[in-house]
Each structure stands twice: as structure tokens, then as C-alpha cells.
Amino acid sequence: MKKKIILSSCLILLGIPLLRAQLTMSQRIEYSELASPKDKKLFFIDYWATWCAPCITVASYLTTLQEQFRDDLYVISLTQESPDVVKPFLQKHHSKLAVSIDYEGENFKKHKVRALPYGVLLNAQGEVLWKGNPANITANMIRGFLSKNARTVPIYDFLKYSSYTTDNEVDIVLEGDYKLIETNLRKSSFSVIERNKNITLIRGNLSQIFAYLLKINQKQIFIENDDITYELLIKNNLNSLENEKAIFHLLLKDLKMNMFEKSTSGRVFVVDLPENTSKYWDNNQIGWGEQNSKFLIDDTQFSADDISVFDFIYKLSELSEAPIVLKNSRKSSEQLFDWEVHYKFFDLMKSNLNDFGITVDERTENYPIYIIERI
């Protein structure tokens with residue numbers, strides 16, 4: 001201990017700043033297969049998510065860079081998603097990069113990550129050298145940064161891990177039809193995971209969970225101080241709109257909350273479903289399996305595996321950031337289908353939906369909003 005104190009004092013007297021961990025992460029999922037944890041000059045943080053299709057392409061490119069600069073560069077793929085989502089995904093999409101989780105989004109907020117994929121290059125002192133789409137950083141740029149940043153630090157001094165636990169990390173016996181669990185996470189990303197053939201897990205704040213159960217846009221739900229992440233487990237045989245609405249009302253009762261419905265006017269998509277499902281894709285077109293996200297989303301379109309038309313319309317509403325007025329839900333069913341549609345450009349969306357026999361119009365129209373308060 002005395003030797004450490006003397007050494008620290010000497011470093012300070014010499015004007016050499018002591019390094020502190022520059023990044024705090026919640027959990028390590030995988031070590032790098034290409035780079036050792038020994039002294040590195042540069043650290044690249046690859047912000048990604050399992051639902052982000054371009055992130056998969058970027059990861060392949062970053063793997064090439066990591067292999068090329070394995071002695072001086074350490075690439076860390078960082079996501080806010082749960083191990084329940086990340087681990088099964090990596091089993092299907094093997095990564096040679098280091099993978100970690102940032103449950104509370106501390107690094108996402110610190111580096112103002114607003115779109116994925118996104119990357120930040122840091123030197124050993126934690127100074128930001130470059131940021132942007134990882135596909136835009138080149139080997140020549142890395143060489144240039146290496147020539148100007150000689151200081152090194154081992155990965156275990158550059159990073160530190162904080163321990164976060166969630167109740168779903170252990171097997172949960174679902175005695176009733178559903179179970180709501182308050183976690184110690186704050187502002188975790190929303191996800192819907194089929195834990196196994198019997199149970200589906202929905203993770204998010206109450207607004208996100210309620211919007212999912214009601215199959216409406218999240219902007220239609222208003223709850224004050226809604227910054228706690230919950231996990232809702234539901235038996236898979238209850239995954240129907242009618243049952244999920246019933247669970248929503250039971251949750252309101254459990255949480256001692258009241259709901260008030262109002263009407264407002266704004267931009268909406270008015271959707272008209274076909275008389276039959278003959279043009280829908282069957283559920284053999286996409287097959288991602290259990291314990292994987294039901295959705296794969298890129299910059300302009302999304303794919304969905306084994307979801308009902310209600311879940312499809314709900315996700316389309318979220319991605320297009322517009323409430324959807326469904327004119328004839330009676331024509332629909334709870335049958336599961338596969339889907340692929342553009343969401344960013346309305347004309348492409350309209351054309352894709354028309355291929356499924358679904359018509360959509362963009363209008364200014366009244367739609368309901370729900371104000372939820374604790375009693």
C-alpha cells in the first residue's frame with residue numbers, strides 16, 4: 001500500500017495525471033477474440049442494438065479494423081439491451097468483438113447517441129478524437145490518430161463495470177397469468193422477448209408497456225415521472241389484443257392508477273384492413289426463433305417475425321411516430337404472420353402495405369389520448 005501511495009505522489013509531482021476509468025459499463029457479455037486487454041492507445045465504442053440491421057454490417061467492418069490494429073486499438077460493442085436479448089442474438093450472429101451492456105445508458109447519454117449505428121473513438125485519457133457513423137472511419141484515419149496519441153492504458157484500467165441485477169436473470173415461476181416486476185434500471189430500452197414457448201417478457205417504462213398492451217402509439221399515453229423500468233411477464237396463450245387489454249386494466253388496479261380518456265387532433269394514419277388475409281405473408285417467411293427480438297429495424301424499413309396484424313400496426317405507428325386510426329379491426333384476427341415494410345417514406349409504406357391488401361391514408365384527424373394518474 002505504501003509503495004502505491006509513494007508512486008502516485010511521484011507521478012503527481014512529475015506532472016503525470018493519474019488515469020481513472022473512462023467508461024462505466026453494466027455487464028460484460030463477451031471478450032474480444034482479436035485484441036488482448038493489454039495496453040492500447042485507442043478505444044472505439046460501437047453503439048448498437050439487435051434490432052438495428054445496419055449495425056450488423058458495421059460490426060463486420062469494425063471486426064476488420066480490430067484485426068488490422070489489434071495491438072493498438074480496442075473495439076467495444078455497447079448496447080442498452082438485456083442479456084436475454086443480446087446473448088441469443090450473438091448465438092446467431094457471432095461477433096469477434098468485445099460486447100458489453102450499458103443498462104442505464106450512461107455512455108449513450110454522455111456521448112449524445114441519438115441514432116444507430118454510432119461510434120466514438122477515444123484515446124487513453126478518454127478524450128474524444130472522432131465520432132459518427134462507424135462505417136465512415138477509415139484505416140488511414142486510425143493511423144493518423146495513433147501517430148498523435150502515444151500514451152497507452154490496459155483495458156481493465158480504461159473500463160470499470162458496475163453491477164446491476166434484474167429479476168429476470170433468474171428463472172421466474174409465473175403463478176398467475178401475468179407478473180409485473182419493478183427493476184433497478186432507469187430508462188432502459190423497450191423490448192419484447194419471447195423468453196420461452198410459455199412466457200413473453202415486455203420491458204420498458206409504464207407508458208411503453210401500456211402502449212404495447214393497448215396497441216397504440218406511446219405519445220397517446222401520459223404518465224408523470226415515468227422513468228422506472230418494469231418487466232411484465234405474460235403467458236403466451238394470453239397474447240391476444242383482448243387479453244392484453246384485460247391485463248392493462250388489471251395493472252391499473254394493481255398499481256392503484258386511474259385513466260382518463262381525452263381527444264386531440266393531429267397527424268394520423270388511417271388504416272383499412274382487407275376482408276381476408278390471403279395477401280399476408282405466412283409465418284414461414286422469416287424465422288428468428290425463440291428469445292430473439294420480434295423486430296429487425298434499419299434506417300428505412302422493418303421486418304417482423306410471427307406477429308399479429310395488431311402488433312404489426314402498433315410497431316408501424318411507433319416507427320412512423322404517428323397514431324394509427326384502425327377503421328375496421330373486426331376484420332382482423334390473432335393469427336401470426338411475417339412482415340416487411342418501409343416506414344420512413346409514406347409513399348413506399350403505402351405501396352408495401354398495398355401488397356398486403358392494406359390501405360393507408362395520412363390525414364389530420366381526432367384520436368384518443370389517455371392520461372394515467374396514481375390514485
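**Rings and helices in a predicted model**

Phe108 is buried, with a relative accessible area of 9%; buried means under 20% relative accessible area, exposed over 50% and partly exposed in between, using a 1.4 Å probe and protein chains only. This is a predicted model, where local features need pLDDT of at least 70 and side-chain atom pairs count only at pLDDT 80 or more, while totals for chains, interfaces and linings use all residues. Residues are numbered from 1 along each chain as its sequence is written, and side-chain values use heavy atoms, with hydrogens and water left out.

User: Is Tyr47 buried or exposed?
Analyst: Let's check its relative accessibility, which comes out at 0%. With that value, Tyr47 counts as buried.

User: How many aromatic pairs does the structure hold, and how are the rings of Tyr47 and Phe108 arranged?
Analyst: Rings of Phe, Tyr and Trp (its six-membered ring) pair if their centres lie within 6.5 Å; planes under 30 degrees apart count as stacked, over 60 as edge-to-face and the rest as tilted. The structure holds 16 aromatic pairs. For Tyr47 and Phe108 the centres are 4.7 Å apart and the planes are at 70°, so this pair is edge-to-face.

User: How many residues apart in sequence are the parts that Tyr47 and Phe108 tie together?
Analyst: Helices (H or I, at least four residues) and strands (E, at least two) are DSSP runs, numbered from the N terminus. Tyr47 lies in strand E3 (residues 42-47) and Phe108 in helix H4 (residues 106-110), so the parts tied together are apart in sequence by 61 residues.

User: At roughly what angle do the axes of helix H7 and helix H8 cross?
Analyst: Axes are lines fitted to C-alpha atoms, for helices over the stretch in contact, and angles run from 0 to 180 degrees between N-to-C directions. Contact itself means heavy atoms within 4.5 Å. The axes of H7 (residues 206-214) and H8 (residues 241-254) come within 8 Å and cross at roughly 145°.

User: Which kind of ring pair do Phe210 and Phe248 make?
Analyst: Phe210 sits in helix H7 and Phe248 in helix H8, so their pair ties together parts 38 residues apart in sequence. Both of these residues are buried. Their ring centres are 5.0 Å apart with planes at 85°, so the pair is edge-to-face.

User: Over which rings does the charged end of Lys215 sit?
Analyst: A charge sits over a ring if NZ of Lys or CZ of Arg is within 6 Å of the ring centre and within 35 degrees of the ring normal. One ring has its centre 3.7 Å from that charged end, and it belongs to Tyr212. Another, at 5.9 Å, belongs to Tyr314.
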